[in-house]
Amino acid sequence: MFDIPTLETARLRLTALTERHFDDYAAMLADPESTRWIGDGQPLDRTNAWRSLAMLLGHWQLRGCGMWALELKDTGEFIGRAGLMYPDGWPDLELGWMLKPEHRHKGYATEAGNAVLEFAWNHLHAQRVISLVRIGNEASDRVAERLGGEHIENIDFYGSHSHVFAYYPPHREHRRAYA
């Protein structure tokens, strides 16, 4: 098994998703407001939430990166997920996040995103990371901008019109691949 590292920020612990997170994870994925901008936009039942959790854990084994459970450091409460994905068919290594509704608009996605990007630069030696944000998801657009994402293009991604935000390592100059 791949050892999933634990990351810590001022308020958060990014830790491996485990079965102890499952009830909260399944509840988050059953909430239409939480899934509105993810996948096909539909909530998931427990069976499909389990499949989602298993896929996220398998991604670590296959790609050496994946999603972490987000926990509040002071209470251990599960508040969402954040991490890196690069499934087959994706345009690039993607930074993504999802928070339970009661934990949105508190800066947690930005805090987690910064830790994830640091992991991408320092441990994966990534040259670029992207976020795919569905057009209309203004809250995630703002998170991507706060993380230093550069809106480089709009694409049709699996039937959804999406903004592509690109992040580059702080120690490296980059040039747009397009003019």
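The structure is a predicted model, in which local features need pLDDT of at least 70 and side-chain atom pairs count only at pLDDT 80 or more, while totals for chains, interfaces and linings use all residues. Residues are numbered from 1 along each chain as its sequence is written, and side-chain values use heavy atoms, with hydrogens and water left out. The chain holds five helices and eight strands, where helices (H or I, at least four residues) and strands (E, at least two) are DSSP runs numbered from the N terminus.

**Overall build**

- Read from the N terminus on, the elements follow the order β-β-α-α-α-β-β-β-α-β-α-β-β.
- The chain has a radius of gyration of 15 Å, which agrees with the value near 16 Å for a compact globule because that is what 179 residues would give; the radius is taken over C-alpha atoms, and the globule rule is 2.2 Å times the number of residues to the power 0.38.
- Along the principal axes, the C-alpha atoms of the chain fill a box of roughly 45 × 35 × 30 Å.
- Of the contacts in the chain with a separation of 6 or more, 64% are accounted for by residues 24 or more positions apart, a contact being heavy atoms within 4.5 Å.

**Surface and charge**

- Buried residues make up 50% of the 179 residues; buried means under 20% relative accessible area, exposed over 50%, and partly exposed in between (1.4 Å probe, protein chains only).
- The chain exposes about 9500 Å², and carbon and sulfur atoms supply 50% of that area; accessible areas come from the Shrake-Rupley method with a 1.4 Å probe, and for residues only the protein chains shown count as cover.
- There are 19 positive and 25 negative side chains, and the centres of the two sets lie 2 Å apart. Lys and Arg count as positive and Asp and Glu as negative, without His and the chain ends, and each charge is placed at NZ of Lys, CZ of Arg, CG of Asp or CD of Glu.

- Strand β6 (residues 129-134) is mostly covered, since six of its six residues are buried.
- Val129, Ser131 and Val133 point one way from β6, whereas Ile130, Leu132 and Arg134 point the other way, and all are buried.
- β6 runs antiparallel to strand β8 (residues 160-167), to which six bridges join it; two strands pair if DSSP finds at least two bridges between them.
- Within this pairing, Ile130 stands opposite Ala166 in β8.

**Loop residues with positive phi**

- His105, in the loop between β5 (94-99) and α4 (108-122), has a positive phi of about 65° although it is not a glycine, and His105 counts as exposed at 71% relative accessibility.
- Tyr158, in the loop between β7 (150-157) and β8, has a positive phi of about 50° although it is not a glycine, and Tyr158 is exposed with a relative accessible area of 60%.

- Phe22 belongs to helix α1 (residues 22-30) and is buried, with a relative accessible area of 7%; leaving aside neighbours within four places in sequence, Phe22 is in contact with Arg46, Ala49, Trp50 and Leu53.
- Met98 lies in strand β5 and is buried at 3% relative accessible area; not counting residues up to four places away in sequence, Met98 touches several residues, among them Met28, Leu29, Ile38 and Ile79.
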